[in-house]
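Thanks for coming. I will take a few minutes to walk through one protein model, and you can follow along on the screen.

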Amino acid sequence: MLDKVDLSSLQDSMVNDDIRSLGERFLTVRQVTEALCEPLGVEDLNLQAVAETSPGKWHLAHTSWFFETFILKSFEENFTPFNSQYEYLFNSYYNTIGEQFSRANRHLLSRPTVSEIYRYRQDITQRMIALIKNNNQLDKIAPLVVLGINHEQQHQELLLTDIKYNLYQNPLLPAYLPLSETLERKRPDKLTAKQTLNWITFDKGLVAIGKELGDGVSADFVFDNESPRHQCFIPTFELSDRLITNGEYIEFIEAGGYDEPNYWLSDGWSMKNEAAWQAPLYWYHQDGCWYQYTLTGNIKVDPNEPVSHISYYEADAFATWAGARLPTEQEWELAAKEQPVSGNLLSSKTFRPVAATEKKALKQLFGDVWEWTSSSYSPYPGYSPLAGAVGEYNGKFMANQFVLRGGSCVTSDDHIRATYRNFFYPEARWQFSGLRLARSL
């Protein structure tokens with residue numbers, strides 16, 4: 001168990017509110033990461049099933065590496081690295097910083113041990129708190145600290161999706177957490193009747209999309225790929241009032257959706273055949289019923305819950321079969337921009353999507369599953385990456401990927417917003433990814 005970090009210095013009456021707020025936000029995100037790892041054993045934290053996932057131990061280390069490399073190294077007086085070898089071991093993809101240990105082989109790093117990584121985290125946390133309180137260059141440090149906080153929240157989500165995939169390789173199908181009564185009570189009552197799919201119309205018009213970067217510190221923080229704010233013309237369209245459910249996806253399967261090439265993009269059809277997809281990831285058919293593996297164990301597929309763990313190719317094929325299409329990211333943002341950010345997010349502790357029960361026209365815009373859009377991940381007009389090594393954070397990935405919107409059941413509540421652009425390769429399925437339909441008018 002880690003020793004508690006001493007925050008008494010942040011309670012000093014001489015510490016201004018900006019410093020206190022930043023320090024508390026930083027400490028909170030560090031504690032959440034470690035709390036998410038509490039159900040995991042040392043063996044669990046070293047698992048990596050495929051190159052796309054990472055061991056939990058690596059996530060714990062890399063998020064500390066980020067603060068050490070981009071902040072402490074530049075601003076701490078008499079900086080000394082915790083371990084000079086960590087800069088290489090836990091660098092993800094920042095070529096400006098230097099070479100990186102092979103991503104596909106992160107599971108081979110049995111040393112440093114998990115306990116050593118926790119000591120590393122504690123050291124970096126304590127030094128960051130001291131730096132935030134005492135540094136006279138807070139205006140330069142604060143934007144990087146906030147970026148690091150948001151970066152760690154991204155890795156909290158990745159930690160959960162990665163551990164789900166890694167545990168799924170075990171034939172015992174162990175649960176990350178047992179389905180306790182507390183977690184189950186937070187889920188809505190099961191719905192027996194099939195839910196109607198309704199359509200919401202949006203008129204054509206010139207719409208402002210995205211957001212300006214701002215100071216990088218205040219509550220309206222955005223990543224650089226969400227900027228600059230710009231005008232887009234959007235033709236009249238319809239958007240489904242909720243996410244597509246498991247039951248609707250089963251209809252697609254039973255109608256031969258995985259066997260009819262006319263529904264599929266060419267690359268998608270090839271990928272489906274190569275990978276032998278016949279259902280969403282984590283689904284299996286037994287005794288005439290569909291089951292799925294979840295973070296809380298094996299359950300029967302609930303027909304009213306949103307379908308998840310499907311690729312862009314599967315989402316697009318379903319939309320074609322349904323006589324519709326995927327929304328563009330601009331259409332999705334137009335629909336979401338005036339909606340409050342609330343839904344089945346990480347704080348709900350359900351750890352899987354839930355059926356729509358909201359009493360409003362547009363449901364499930366935030367949380368449950370990331371929603372595939374038809375938009376390629378490309379720069380907005382006038383986009384410029386951040387200066388320095390952190391400029392590699394988003395910009396260099398703007399090719400061959402698709403945008404997802406809205407967050408998932410394992411996204412932190414204060415991390416998601418209407419302008420947030422997630423992105424993955426079209427074959428990716430290990431994230432909580434699903435779909436909502438759109439139609440042109």
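A word on where the values come from. This is a predicted model, in which local features need pLDDT of at least 70 and side-chain atom pairs count only at pLDDT 80 or more, while totals for chains, interfaces and linings use all residues. Residues are numbered from 1 along each chain as its sequence is written, and side-chain values use heavy atoms, with hydrogens and water left out.

First, the whole chain. The protein has 11 helices and 12 strands; these are DSSP runs numbered from the N terminus, with helices being H or I of at least four residues and strands E of at least two. The radius of gyration is 22 Å, close to the 22 Å that the globule rule gives for 441 residues, so the protein is as compact as a globular protein of that length. That radius is taken over C-alpha atoms, and the rule is 2.2 Å times the number of residues to the power 0.38. Along the principal axes, the C-alpha atoms fill a box of roughly 65 × 55 × 40 Å.

How much of the protein is buried? Of the 441 residues, 56% count as buried, meaning under 20% relative accessible area, with exposed being over 50% and partly exposed in between (1.4 Å probe, protein chains only). The protein exposes about 19100 Å², and carbon and sulfur atoms supply 51% of that. Among contacts with a separation of 6 or more, 80% come from residues 24 or more positions apart; contact means heavy atoms within 4.5 Å.

Now helix 1. It covers residues 17-37, and its end C-alpha atoms are 31 Å apart, which agrees with the 30 Å that its 21 residues should span at 1.5 Å a residue. The expected span is 1.5 Å times one less than the number of residues. Its buried residues include Ile19, Leu22, Phe26, Leu27 and Val29, but also Arg20, Arg30 and Glu34. What covers the buried residues of helix 1 includes helix 2 (42-45), helix 3 (56-75), helix 5 (114-134) and helix 6 (138-168).

Strand 1 is joined to strand 4 (residues 237-240) by 4 bridges, and Ile200 stands opposite Leu239 in strand 4.

Another open sheet has 4 strands in the order 10-9-8-11, with mixed pairing. Strand 10 (422-424) and strand 11 are the edges, each pairing on one side only. Helix 11 packs on this sheet as well, touching strand 8 and strand 9, at about 135° to the direction of strand 8.

Strand 8 (residues 370-376) is mostly covered, with 5 of its 7 residues buried. It pairs with strand 11 (residues 433-434) in the parallel sense over 2 bridges, and with strand 9 (residues 402-405) in the antiparallel sense over 3 bridges. Glu371 stands opposite Gly434 in strand 11, while Trp372 has Leu404 in strand 9 as its bridge partner.

There is also a hairpin, which joins strand 6 to strand 7 through 2 residues. Strand 6 (residues 289-294) and strand 7 (residues 297-300) pair in the antiparallel sense over 4 bridges, and Tyr293 stands opposite Asn298 in strand 7.

Leaving aside neighbours within four places in sequence, Lys164 is in contact with Tyr282, Tyr293, Thr294, Leu295, His309 and Phe432.

Last, Ser92, in the loop between helix 4 (86-89) and helix 5. Ser92 is buried, with a relative accessible area of 14%. Beyond its neighbours within four places in sequence, Ser92 is in contact with Trp58, His62, Gln100 and Arg106.

Key: Pairing = 2+ DSSP bridges. Areas by Shrake-Rupley, 256 points an atom, 1.4 Å probe, with all protein chains shown as cover. Axes fitted to C-alpha atoms, helices over the stretch in contact; angles between N-to-C directions.
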